[in-house]
Amino acid sequence: MGAKRVSGKKDKGFYVTTPIYYVNDVPHIGHAYTTIAADVLVRYKRLSGRSVLFTTGTDEHGKKIQRSAEERGMSPKTLADSVVAKFVDAWKLLDIRNDVFIRTTEERHTRVVQEIWARLKANGDIYPGAYEGWYCTPDESYWTEKELVDGKCPSCGREVEKIKEESYFFRLSRYQQPLLRHIEANDGFILPASRRNEVLSFVRDGLKDLSITRSGFEWGIKVPGDPGLVVYVWLDALLNYLTAAGFMGDTDTFDDFWPPDIQLVGKDILKFHAVYWPAFLMSAGLPLPKQIFAHGWWTIEGMKMSKSLGNVVSPESLVDAYGTDATRYFLMREVPFGLDGNFSDTAMQTRINSDLANDLGNLLSRATGMVARFANGVLPVAGAQDQSDRALQEKAAQLYTAYSTAMDNIEFHNALSAVWGFIGEANKYVDQTRPWQDAKAGNTERLNTRLYTTIEATRIVAVYLLPFMPDAARKILSAIAQDAKAEGLNLGQLSAWGGAVPSVRIALAQPLFAKKPDSAKSDPAKTRADLSRPSKKMQEAPPAQNTAQQKQAPGTMGIDEFKKTELKVGTILSAQRVEGSQKLIKIEVDIGEKRTIVAGIGRSYSPEELPGKRIVVVANLRPAELFGIQSQGMLLAAGDAEHLGLLTLDRDVPNGTRIK
Ligand code: ME8
């Protein structure tokens, strides 16, 4: 695959890499994390008009892979081929748009490794010797006796092996000072700053020459002139970044993109990328990457992820339970990039319910629902703006700065939190300006401005979400009939206020993210099943009555009895009169799930003023049929039929919240 170019751009191409993953293991949430982060950054850069090269791939040589293949009774290449297919599938599932997938078993890579070997040698940096010390095969790394912790690998804690073999060494020691100078002179070379400090102290402690060959097994790239030895897998693997960029192959691409602008890695492999890799490049006379960013480590429900614990989370299971966009959103939002994080189904469900289904979902359903109801489904041209409209427009302008600054600083969580701040403002704008009142009073110009402003805010949100949730963002743009403009424009143009094209048809949007019921918190599979049918609890709830055990004063009840009534917070999505009845209004309400309720409020309220109202619903009443419509709950109101007041909330509490 060739790199995508944006014509007319004179900037150097922007080159982003992920590590290449070992093929002894199938893809999991950790691999997905780095690759999604790279994809988000790449989409942002493309949206900002940059020409980007994005590479990922697989690390297929070395003792560890050979051993894994032997254990499975297959050749290393057969193992690699089968695992590569899984990585390719996983990246497709997660909507990853890499330009290149590099495998270290490709012929083009062998040529690059041998060429770099020749350069290091010509520079006097390779010499023969013998290595005696410890080796951690799972990490493919050398350790001295002193470095071991309780006799185990200090990095991963697993068993190490004693090795003693003839090998070639790379004069790493020669690069200690140049490397120190480079790190000290370039603040942004290693990020976050805490990791940079770790590397600085590691380099200051002194660099020993590094063994760069292994003997006694076959599975690797042969050492030029000494075919009994294979190239140390980390030298082989790090050079993938050259091969993938077209070194010794597609020279135009290489000239456009080298050196990498940012190399994303997990903190586990920072030493290889921030010490060995720049030293190899210096020796080979090639420019160094501009930035190595080491992100944090994910645990699963508080535990280290491992096959032996059986808690490895695969991209497939995440996408199955939560969908691609919600998975991408969660991983980028939950934890500041650079810090460690913990995955739990509860945390994921909370994010989906409150951020996606509630905040974002409500904005979309209100924006589209109001146009559908108050403007016959045609987005009006905005009339004059007042203070509220201008304030929201100003917030959108501030969002551009906050979002781009966060993205440029690789603070994905901050970019998303800025977008959600704006979603909150847009929802508040609807609550406070109450467009339904203008509709009722016939204030058409003001109503038009409110409707346009709400749709415009929704459009701008979708634009900012394109890098994070590409599918959902496009669906939002399409639901508000603003997708035609999305292609070919950059972020600055797309996010400028006034971009929504008026006079297009808009219908009430379907929810993009379904709420996950609390009862299924620890069981994502159950969550999926439960979403498709009404809750069992609701169907089976017995009518409240006193039991013999509950001795109490007449006219009172115990707290347990009261608790049987499930009162929940909801937002009215839409409302219409029930044909043939003066009193009844059929409303659709979001109480964490969508319910239809037939309510006797038609003499006090018109359907137009109801959407967007936050109300209280009895959620566990047995469904009842009224005028041929099944009513799945009851809303709370006080007063007589002509002077009813709906119970509502004085603060923003998520839909579906239980009232206590
Ligand atoms: O190290 N949390 O490959 P690898 C966050 N082949 N990120 C995680 C993670 C976790 N729990 N687990 C894995 C290798 N990762 C070498 C790299 S590059 C020239 C050679 C991510 O399959 C993270 O990016 O062990 C980490 O650095 C990488 O997967 C390690 O993948």
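Predicted model: local features only at pLDDT ≥ 70, side-chain atom pairs only at ≥ 80, totals over all residues.
**Entry 1, the antiparallel sheet**

I began with an open sheet of five strands, which runs in the order E18-E17-E16-E19-E22 with antiparallel pairing. For my own bookkeeping, helices (H or I, at least four residues) and strands (E, at least two) are DSSP runs, numbered from the N terminus, and two strands pair if DSSP finds at least two bridges between them. Strand E18 (594–599) and strand E22 (634–635) stand at the edges, and each has a single partner strand, so one side of each is left without a neighbour in the sheet. I then looked up the pairing of strand E17 (residues 585–590) with E18, and found that six bridges join the two in the antiparallel sense. Across from Val589 I found Arg595 of E18. Helix H13 (residues 345–374) packs on this sheet and touches strand E16 (567–577) as well as E17, with a direction that makes about 20° with that of E16. Contact here means heavy atoms within 4.5 Å, while axes are lines fitted to C-alpha atoms, for helices over the stretch in contact, with angles running from 0 to 180 degrees between N-to-C directions.

Residues are numbered from 1 along each chain as its sequence is written, and side-chain values use heavy atoms, with hydrogens and water left out.

I next traced an open sheet of six strands with parallel pairing, in the order E3-E2-E1-E12-E13-E7. Its edge strands are strand E3 (100–103) and strand E7 (190–191), each of which pairs on one side only. Between E1 and strand E2 (residues 52–59) I found seven bridges, with the two strands running parallel, and Ile20 has Gly57 in E2 as its bridge partner. H1 packs on this sheet, where it touches E1, E2, strand E12 (262–266) and strand E13 (292–295), and its direction makes about 165° with that of E1.

A ligand nitrogen atom lies 2.7 Å from an N or O atom in the side chain of Asp59, an oxygen atom of the ligand is 3.3 Å from a polar side-chain atom of His31, and a polar backbone atom of Gly30 is 3.5 Å from a nitrogen atom of the ligand. Of the 670 Å² of accessible area that the ligand has on its own, the protein covers 94%, by the Shrake-Rupley method with a 1.4 Å probe.

The peptide bond from Leu191 to Pro192 is cis, with omega near -10°, and Pro192 lies in the loop between E7 and helix H6 (193–204). I found another cis peptide bond between Trp258 and Pro259, with omega about 0°, where Pro259 belongs to the loop between helix H9 (251–257) and E12. Glu140, although not a glycine, has a positive phi of about 50°, and I place Glu140 in the loop between E4 and strand E5 (141–143).

Key. Polar contact = N/O pair within 3.5 Å; in protein donor to acceptor, adjacent residues only side chain to side chain.
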